[in-house]
Amino acid sequence: GKSGYEHFMLKEIHEQPRALRQCLRGRVDELAGTVDIGDLGDLSPTGVQFVACGTSYHAALHGAQLFREAGIPAQAFLASEYATATPPIGDALVVGVTQSGETADTLSALRAARRRGARTLAVTNVVGSTAARECDHALYIRAGPEIGVAATKTFASQLTALNLLALGTSTTGDARQVISALRDLPGHVQEILDESAAQEVAELYQAANAYFFIGRGYQEPVALEGALKMKEITYKHAEGFAAGELKHGPLALVTENTPVFAIVTGDDERARKTIGNVKEVEARDAPVVAITDGQSDVERYADHVLEIPETHPRAAAVLANTHLQLVSYHTAALLGRNIDKPRNLAKSVTVE
Ligand code: F6R
């Protein structure tokens with residue numbers, strides 16, 4: 001059942017701290033600063049191609065960034081576009097990110113990769129799923145069953161599992177910081193669930209014409225995901241962009257009736273550039289909602305702030321996403337939408 005929550009989606013958003021603890025359990029040694037993902041640790045890929053759809057594709061974008069940061073060439077492909085990818089070479093690994101393990105486009109891309117001689121790995125929530133059975137390897141995200149059509153806790157668990165995969169198969173300078181940020185993640189998500197001002201933001205902007213989401217680096221996939229969740233359950237127009245792309249076209253759509261959600265973490269060059277983009281939309285009178293750890297001065301240009309604790313930018317992605325899940329959820333609830341079963345959508349898409 002829904003354990004007292006009005007919708008499975010809200011229940012599953014609230015299950016995230018537990019899901020993340022399960023994902024991390026037995027896989028991190030904080031004292032040693034190491035990750036143990038069993039045999040997968042020996043994969044040492046020379047390159048990684050990710051294939052996925054929808055929300056899982058946004059997780060794949062995060063995963064590809066993780067590997068590139070570790071010096072391993074990596075790219076994320078929409079599974080339905082994988083036919084146009086250059087074939088994997090050498091000791092490449094093709095990773096299918098699929099919550100259900102049954103998405104037809106993703107299965108078909110993984111099969112194509114196998115035919116091309118690549119090793120394949122399924123990052124999935126479902127033990128015994130087709131992806132888990134057909135791939136050479138599987139990494140389970142351990143989120144527990146997800147009933148709501150909109151993917152919520154499984155996305156958080158995918159991001160976390162992909163961090164474990166990257167840490168376990170490659171070397172990054174800041175492994176210790178990432179591991180400690182991952183350890184803090186369940187507690188940090190709980191803080192957001194307890195304190196988020198997302199409902200107030202939803203109430204203020206439920207009548208908006210459209211919603212825009214911007215972010216850079218690890219926050220770009222979060223911006224894309226924020227928009228997908230919003231359109232999927234509210235039936236309202238929403239778009240996510242890399243913050244830098246706003247001025248190359250989408251800015252023409254920005255008005256006082258289009259709230260812009262800007263994810264800004266840290267206080268570095270990237271943050272400063274995104275704040276520059278925030279100023280551009282503020283000058284067009286768009287309401288600005290900053291999702292921020294408070295390190296930069298983005299709050300000066302924002303109408304509302306959704307706060308996240310200070311942490312590693314990789315973990316900040318999960319935290320920012322938690323606020324955005326709640327904004328979409330409350331907006332959909334105010335509009336009376338069928339949140340757990342949005343029109344025209346199915347939980348797993350088994351046709352190409
Ligand atoms: C959106 C959503 C979908 C799925 C996509 C892939 O909330 O749930 O976009 O992410 O259909 O599904 P899986 O991960 O099962 O392959």
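Biologist: How do the residues of the shell around the ligand divide into nonpolar, polar and charged?

Modeller: The shell holds four nonpolar, seven polar and two charged residues. Ala, Val, Leu, Ile, Met, Phe, Trp, Tyr, Cys and Pro count as nonpolar, Asp, Glu, Lys and Arg as charged, and the others, Gly among them, as polar. This is a predicted model, where local features need pLDDT of at least 70, side-chain atom pairs need 80 or more, and totals for chains, interfaces and linings use all residues. Residues are numbered from 1 along each chain as its sequence is written, and side-chain values use heavy atoms, without hydrogens and water.

Biologist: How many residues surround the ligand, and which are the closest?

Modeller: A residue is near if one of its heavy atoms lies within 4 Å. Here 13 residues surround the ligand, and Ser56, Thr98, Ser100, Thr103 and Glu232 are the closest.

Biologist: How far is the side chain of serine 56 from an oxygen atom of the ligand?

Modeller: A polar contact is a pair of N or O atoms within 3.5 Å. For an N or O atom in the serine 56 side chain, the distance to a ligand oxygen is 2.5 Å. A polar side-chain atom of serine 100 lies 2.7 Å from a ligand oxygen, and a backbone N or O atom of threonine 55 lies 3.2 Å from one.

Biologist: How many salt bridges does a search of the whole structure find?

Modeller: A salt bridge puts a side-chain nitrogen of Lys or Arg within 4 Å of a carboxyl oxygen of Asp or Glu. The search finds twelve. One joins arginine 314 to glutamate 69, with the closest N and O atoms 3.5 Å apart. Arginine 314 lies in helix H11 (residues 313-334) and glutamate 69 in helix H3, so the pair ties together parts 245 residues apart in sequence.

Definitions and conventions: A polar contact is a pair of N or O atoms within 3.5 Å; within protein, one must be able to donate a hydrogen and the other to accept it, and residues adjacent in sequence count only if both atoms are side-chain atoms. Helices (H or I, at least four residues) and strands (E, at least two) are DSSP runs, numbered from the N terminus.
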